[in-house]
Amino acid sequence: MFILRNCKFVEALTEGTSLAFGDVVLKDGRIAEIAPAGTVFEGENEELDLKGATLMPGLIDMHVHLFYVRSSQAEILLSNPATLAFDCLKYAQQLLHIGITTARDVGDDKSCPTVALSNAIKEGIVVGPRVIPSGATLCPHEAGVEYMGNILEYVEGPIEMRRLVRSNFQKGAAFIKLYGSGSMMAPGSDPGVRILEEDEIREAVKLASLRGSYVAIHAHGADAIDVAVRSGVRTVEHASLISESTLQYMDGRTDVGIVPTLAVMHGLMESENYTDFAEAADRTRKLRDNVIACLKNAYRHDILIGWGTDVHMATYQQNPGLEFQLRKEYLEYANVDILKQATINSAKLLMMEDQIGSVKVGKFADLIVVEGDPVEDISVMYQPPAHVIKEGKLIR
Ligand SMILES: [Zn+2]
C-alpha cells in the first residue's frame, strides 16, 4: 500500500468523507481508504507526507491534439505515423508531468498514433496519462481545412458519415470527433458558419450511441452549436459564440456540455507558436469580446463546462496554467468552479465519473498535490503541482 499522510482536501472535489484533512491509502492503483490523520495501518507501507499540502484529483484535459509537437506544420504533415506516435508520447508525458492524468485527443492523424499510444499506456509498455482517442476528425469540404492535412477524413452526407464513424471505431476510436463549423485557424474559413447538416450529425450520434459512445463537435458559431446540441452531441468544443436559447435548452442537462479552449485563442491572438497564422490571429481578435461575453453567459446557466486547451506542446511547457489563468482573468469564474471544470465536470462529460475526477474510495488513484489552497487562490494552479500520482504510482 502507498499511504499519503496529512493531506488537506478540497471539499468540492472529495467524496464519501466528511474529513477536511487526513491520510489516504492507495492500493492496486485505486484509492482504498480515506482515514483520519495518524491512523496506523498494518504491514510494510510506502509513505509520502504531504505536510498539509492539498490533495486533489488529477487534472483532465478534454481537448488536446497530441501530435501537435513540432513547430512547423509542414514537418507535421511530412512525419510518418511512427514518428507521430513518438511525438504523441512526448506530449502525453509532458502533460502527465504537469498533472494532467487524463487527456482526450480530439483529432488525430488518420494513422491513429494516439490509439497505439493509449493501448501502450494501458498495457504498461510506456508511462503516460490515460489517453482517450478520437482518431481522425470527420469534416465536410470547407475552405482552408486542407492545412490540417492528415487529421481529417472528408465526409459528405449521412451514408458517408455512417461509413466513416464505423471505420473510426474499427480503428480503435473511443468517441467521434466532428468538425461542425468554420475554423479560427484554417485560411479563408469563417468560424461563425455551420458546415455540417443536421442529418449528418444525427447519423454520427446514432452510431456512436449504439456503441455506448458519443460525439464531440468542433463548433464556434451559434447556429452550429445549436444544431449540434439538439442533434444529441455530448461535447461542444470551443463553443465560442453559444447563444442564450441554446443555453436555455441545455440548462440542467447532464448529457451535454461545452469545452471552452481559451488557451488556444489566447495563443492565436498573441501569435505565440503560430507564426504561420497571422490571418487567424486577426480573426480571433475580432471575435474575442464576443466569445468572452458568450462564455460568461454560459456560466450563468446550470450546464456542464469541461476543460480544454487545444494548444501546441510548447505553449503548455511555457505556461502550464494558462487555461486556469484565462478562465479566471477573462471569464471571472469562481475558483471552485474552475477546479471542478478541470476535474469532476470533465469526468462527467467523459462518462468516467465513477472512475476519475474526484478523491473518492474506489476511484483510480489519479491525484495531484499542490502547495497552498487553490479554492482561496487559483494562482496555485498556474504552476505545475508538487506531486503527480497516476494509478497509485508517484510520477513526480
Ligand atoms: Zn482542436
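Tutor: The domain bounds used here come from an automatic or database domain assignment. The model itself is predicted. That assignment gives domain 1 as residues 2-57 together with 359-394, and domain 2 as residues 59-349. Taken over C-alpha atoms, the centres of domain 1 and domain 2 are separated by 30 Å. To the contact between them, domain 1 brings 17 residues and domain 2 brings 20 residues. On the side of domain 1 that touches domain 2, the elements giving two or more residues are β5 (54-57) and β17 (387-390).

Asn6 lies in strand β1, which spans residues 2-9. Its phi is near 55 degrees, a positive value in a residue other than glycine. Asn6 counts as partly exposed because 17 other C-beta atoms lie within 10 Å, a number between the limits of 12 for exposed and 20 for buried.

Glu332 also has a positive phi, of about 55 degrees, although it is not a glycine. Glu332 is located in the loop between α11 (322-329) and α12 (335-341). Glu332 is classed as exposed because it has 10 C-beta neighbours inside 10 Å.

In the helix α11, by contrast, Leu322, Glu323, Phe324, Leu326 and Arg327 are buried. The buried residues of α11 pack against α8 (262-270), α10 (313-318) and α12.

Note on methods:
Residues numbered from 1 in each chain as written. Predicted model: local features only at pLDDT ≥ 70, side-chain atom pairs only at ≥ 80, totals over all residues. Helix = DSSP H or I, 4+ residues; strand = E, 2+ residues; numbered from the N terminus. Contact = placed C-beta atoms within 7 Å.
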